[in-house]
Amino acid sequence: MSRGSRVATAASAVGVGGRSGRRYTAIALLLLLAACRQKMANQPRYDPLEPSDFFADGMSARPRVPGTVARGELAVDGFMATGKINGADGNGFPFPVTAQVMNRGEERFNIYCSECHGKLGDGNGMIPSRGYRRPPSFHTDTLRSAKTGHFFDVITNGFGAMPSYAPQVPVEDRWAIIAYIRALQISQHGTIDDLPPAIRTKLTGGAQ
Ligand code: HEC
């Protein structure tokens, strides 16, 4: 037997070379990689409240930058943020309703509410027409006399089958939407006397 063939026989006896050899190589490589991963997973880091001699105050956690608020920790109180006054639904608006606010409200209402409530707020949106629970019309006496704080609460926390829209609609936009809903309500119950005199005259051609 030549030297070469003896080595080949010995190698195949212990399963080295050929397919199984490749397998061992692969396992060895994997072990090597796993070792790398271990090193990366065990990087130096601080546990919460662990001391550090890197910083002069001996603490690893850095103090908050003065005047900043951590995400999710904004103190939410006051009419603007809750729609409530002394724990009950308030009425009116926390800031002046300008044409700009109204335009914003119209835009946001059409994006976030009209698909269910309809562009007129009558509850005839596309989604209820496909089987979702039909929302009530905003033009009922109950919702016309409901306080703005109630609308704020419904948008913020949801109502029955309607989910909360707080994640999509920031606080100021909720108020802008409510202003627009008020305008929609007036639009369905207005009389000619609600119009400014100049426009009234234009519509009636001068006759009262
Ligand atoms: C996915 C559909 C859907 C969307 C979008 C939606 N609503 Fe509703 N809404 C409903 C349904 C359904 C109800 C009735 C819930 C019930 O009675 O269970 C409702 C009820 C209401 C009510 C009446 C609460 C009461 O006192 O009866 C108000 C006000 C309201 N929604 C405002 C809004 C506003 C504002 C938006 C947009 C920010 C909005 N909704 C978006 C489905 C929706």
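**Helix ends, helix packing and a few loop residues**

Let me begin at the end of a helix. Directly after α8 comes G158, and its phi is positive, near 80°. Please bear in mind throughout that this is a predicted model.

There is a second case further along the chain. Helix α10, residues 197–204, is followed by G205, and here too phi is positive, near 65°. As for α10 itself, the helix is hardly covered: of its eight residues, the number that are buried is zero.

Before going further, the overall layout. The chain has ten helices and two strands. Read from the N terminus, the order of elements is α-α-α-β-β-α-α-α-α-α-α-α. The chain has 208 residues, of which 12% are buried. If we take the contacts between residues at least 6 apart in sequence, 50% of them join residues at least 24 apart.

I now return to α8, and to its partner α9. Two packed helices are described by the angle between their axes and the distance between the axes. For α8, residues 148–157, and α9, residues 171–189, the angle is about 125° and the axes are 10 Å apart. At that angle, α8 is oblique to α9. The crossing of α8 past α9 is right-handed.

Which residues of α8 and α9 meet? From α8 we have T148, F151, F152, I155 and T156, and from α9 we have R174, I177, I178 and I181. By class, this contact of α8 with α9 comprises six nonpolar residues, two polar and one charged.

Turning to burial within α8, the buried residues are T148, F151, F152 and I155. These residues lie on the same side of α8, because the arc they cover around the axis is only 100°. The spacing is worth a comment: an α-helix has 3.6 residues a turn, so residues three or four places apart point the same way. Part of the cover over the buried residues of α8 is supplied by α9.

Helix α9 has a further contact to consider, with α4. Helix α4, residues 99–112, packs against α9 at an angle of about 90°, and the two axes are 7 Å apart. This angle makes α4 roughly perpendicular to α9. On the α4 side, the contact is formed by V101, M102, R104, G105, E106, R108 and F109. On the α9 side, the residues are D173, A176, I177, A179, Y180, I181 and A183. The contact of α4 with α9 is made up of nine nonpolar, one polar and four charged residues.

L49 sits in the loop between α2, residues 18–41, and α3, residues 79–82. Is L49 buried or exposed? L49 counts as exposed, because it has 8 C-beta neighbours inside 10 Å.

The other is N86, whose phi is positive at about 50°, although N86 is not a glycine. N86 belongs to the loop between β1, residues 84–85, and β2, residues 88–89. With 6 C-beta neighbours inside 10 Å, N86 also counts as exposed.

G125 is in the loop between α5, residues 114–117, and α6, residues 126–129. G125 is buried, since 20 other C-beta atoms lie within 10 Å; the cut-off for a buried residue is 20 or more. Leaving aside residues up to four places away in sequence, G125 touches S114, E115, C116, H117 and G118. C113 is twelve residues from G125 along the chain, and their C-alpha atoms are separated by 8.7 Å.

M126, by contrast, lies in helix α6. M126 is exposed, because it has 11 other C-beta atoms within 10 Å. Between M126 and E115, eleven residues apart in sequence, the C-alpha to C-alpha separation is 5.4 Å.

That concludes the tour, and I am glad to take questions.

Key:
Residues numbered from 1 in each chain as written. Predicted model: local features only at pLDDT ≥ 70, side-chain atom pairs only at ≥ 80, totals over all residues. Axes fitted to C-alpha atoms, helices over the stretch in contact; angles between N-to-C directions. Helix = DSSP H or I, 4+ residues; strand = E, 2+ residues; numbered from the N terminus. Parallel < 35°, antiparallel > 145°, perpendicular 65-115°, else oblique. Left-handed = near helix turned anticlockwise from the far one by under 90°. Contact = placed C-beta atoms within 7 Å. Nonpolar A, V, L, I, M, F, W, Y, C, P; charged D, E, K, R; others polar. Arc of directions from axis to C-beta.
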